[in-house]
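Open the model in your viewer and show it as a cartoon. The tour below goes from one selection to the next.

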Amino acid sequence: MAKTEDVAFAIISAAGDGRAKVAEALKQARRGNFGEAEECLKDADEHLLKAHKLQTEELLQKEASGELQGPFNVLISHAQDYVMTGMAMKEMAVEIVNLYAQLRAK
């Protein structure tokens, strides 16, 4: 990717798609559609992994090797926050989906 801003927007987009899938998984679990919830969580994983890979390869590794230089970029900070919160949301959603399933089973 050419510019740091392009990388940031790609990360935000992928992480945002992942977060949206997490939210959909929770909605489906609340409705009792556990198969659909699991599919949404798998989709979320793919999007969040893509965001994490971009963050690692296009930012962290390049900065560590000296290829990426420049002042602090708030957009990059926002992108990294999106990845982190998306991953945390997904971890919590897995537990919540399991709780919904246990409650339905009773």
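**Stop 1: helix 1 and helix 3**

The crossing in which helix 1 passes helix 3 is left-handed. The model you are looking at is predicted. To find the pair, select residues 4–30 for helix 1 and residues 74–105 for helix 3. Their axes are 9 Å apart, and the two helices pack at an angle of about 15°. An angle under 35 degrees counts as roughly parallel, so helix 1 is roughly parallel to helix 3. Now colour the contact of helix 1 with helix 3 by residue class: 19 residues are nonpolar, five are polar and five are charged.

**Stop 2: helix 1 and helix 2**

The contact of helix 1 with helix 2 contains 17 nonpolar, five polar and seven charged residues.

**Stop 3: a salt bridge**

Show the side chains of aspartate 43 and lysine 21, which meet in a salt bridge with an N to O distance of 3.6 Å. Lysine 21 belongs to helix 1 and aspartate 43 to helix 2, so the pair ties together parts that are 22 residues apart in sequence. How many salt bridges are found in the whole structure? The search finds five.

**Stop 4: helix 2 and helix 3**

Hide helix 1 and look at the remaining pair. The axes of helix 2 and helix 3 come within 10 Å, crossing at roughly 160°. Helix 2 and helix 3 are therefore roughly antiparallel to each other. Their crossing is left-handed.

**Stop 5: the largest pocket**

Rolling a probe the size of a water molecule over the atoms shows where empty space is left. The largest pocket holds about 300 Å³ of space. To centre the view on this pocket, select Glu63, Leu68, Pro71, Asn73 and Ile76, which lie nearest its centre among the 14 lining residues. Which helices supply at least two residues each to the lining? Helix 1, helix 2 and helix 3 each do. By class, the lining of the largest pocket has six nonpolar, six polar and two charged residues.

Note on methods. Residues are numbered from 1 along each chain as its sequence is written. This is a predicted model: local features need pLDDT of at least 70, side-chain atom pairs count only at pLDDT 80 or more; totals for chains, interfaces and linings use all residues. Side-chain values use heavy atoms; hydrogens and water are left out. Axes are lines fitted to C-alpha atoms, for helices over the stretch in contact, and angles run from 0 to 180 degrees between N-to-C directions. Helices (H or I, at least four residues) and strands (E, at least two) are DSSP runs, numbered from the N terminus. Ala, Val, Leu, Ile, Met, Phe, Trp, Tyr, Cys and Pro count as nonpolar, Asp, Glu, Lys and Arg as charged, and the others, Gly among them, as polar. On a 1 Å grid over the protein atoms alone, a cavity is a set of points where a 1.4 Å probe fits but cannot get out, and a pocket is an open set with protein on both sides within 12 Å along at least five of seven lines; lining residues have an atom within 4 Å of a point. Grid points are joined across faces, edges and corners, and a volume is the space filled by probe spheres set on the points. A salt bridge is a side-chain nitrogen of Lys or Arg within 4 Å of a carboxyl oxygen of Asp or Glu. Angles under 35 degrees count as roughly parallel, over 145 as roughly antiparallel, 65 to 115 as roughly perpendicular and the rest as oblique. A crossing is left-handed if the near helix is turned anticlockwise from the far one by less than a right angle, and right-handed if clockwise.
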